[in-house]
Amino acid sequence: MMLSAFRLTVRVSSAVHRACQCPARALHSSPELWAGHNKWSKVKDIKIPKDAARARMIAKFTMMIRIAVRDGGPKPEFNVALAQLLEQCRNKNLPKATIEGAIKGAKSKPGVQNLYEATGPGGCALLIEVLTDNHTRSYRELKHIMKKHGGALSDGAGRNFDRKGIVAASRDGISSEKALELAIEAGAEDVQETEDEEEIPILQFVCDLTSMKAVREALESLGIHTLSAGLEFVPHTPSLLTQTQLETAFTLLEAVNDHPDVVRVWDNIHIQN
């Protein structure tokens, strides 16, 4: 089960419903696509070294490419998931040799994909995606990490998430009100303000899986520079934690992400501005 930083979102449907009373509705901040670091930058006295964060990002994308190639083959023209990942890799300036090596090595390196559910400090929910050649070992090691940092592997956490399409776009000075207008016009369900791993402001438009391509095309037609599109677990039930719980959760998530078998982690932790 995977981790995505949870952001405060504004439901487009709610905005439409109250449009007559609130013509200029503000958009709130909320979490990020796969790493979750943007919201953690708001946790006092916590900072992730950029070099370490980039190295982690490259390692995780390498693993995701391996999974995509195994599921749909090495040719992006016939593998939508791989094509989306390669686009994200290009936008993040991943080395070409690293990408090609991940594609070529996908078949030769053994591994099975698993999705674990877990709870963390304050009852927050986690989804942890794993690629491993030894399920028993990975499960045992992750169970130890969770226990050490106030969490536990347990069923039921997945009920806090929905599988959604995410279209990431450049912020380019777009105001919160304008972002909400664009989301409504493009047919998105939600729009979230966040940052990428290099702390560059971006927008994430949340939509139904089947409408992701149409939403992206609509945004492009409206003059928005989209960066990528993909499927993610989006939390719908936020967990509000105390400062102490947030810092414990951050330590837990770092430890989980540092495990060599972990591909991605999503959480439903909500940090108030």
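Glu129 has Arg264 in S10 as its bridge partner. Strand S3 (residues 125-132), joined to S10 by 5 bridges, runs antiparallel to that strand. Helix H9 (residues 243-258) packs on the sheet and touches S3 and S10. Here, contact means heavy atoms within 4.5 Å, helices (H or I, at least four residues) and strands (E, at least two) are DSSP runs numbered from the N terminus, and two strands pair if DSSP finds at least two bridges between them.

A word on the model: it is predicted, with local features needing pLDDT of at least 70 and side-chain atom pairs pLDDT 80 or more, while totals for chains, interfaces and linings use all residues. Residues are numbered from 1 along each chain as its sequence is written, and side-chain values use heavy atoms, leaving out hydrogens and water.

Zooming out, the open sheet has 4 strands in the order S4-S2-S3-S10, with antiparallel pairing. Strands S4 (152-153) and S10 (262-267) are at the edges with a single partner strand each, so one side of each has no neighbour in the sheet.

Angles run from 0 to 180 degrees between N-to-C directions, with axes fitted to C-alpha atoms, for helices over the stretch in contact.

| Helix | Residues | Angle |
|---|---|---|
| H6 | 135-148 | about 145° to S3 |
| H9 | 243-258 | about 155° with S10 |

The buried residues of H9 (buried: under 20% relative accessible area, 1.4 Å probe, protein chains only) include Leu246, Phe250 and Val256.

Elsewhere, Ser170 sits in strand S5 (residues 161-170) and counts as buried because its relative accessibility is 13%.

Terms used. Buried means under 20% relative accessible area, exposed over 50%, partly exposed in between (1.4 Å probe, protein chains only).
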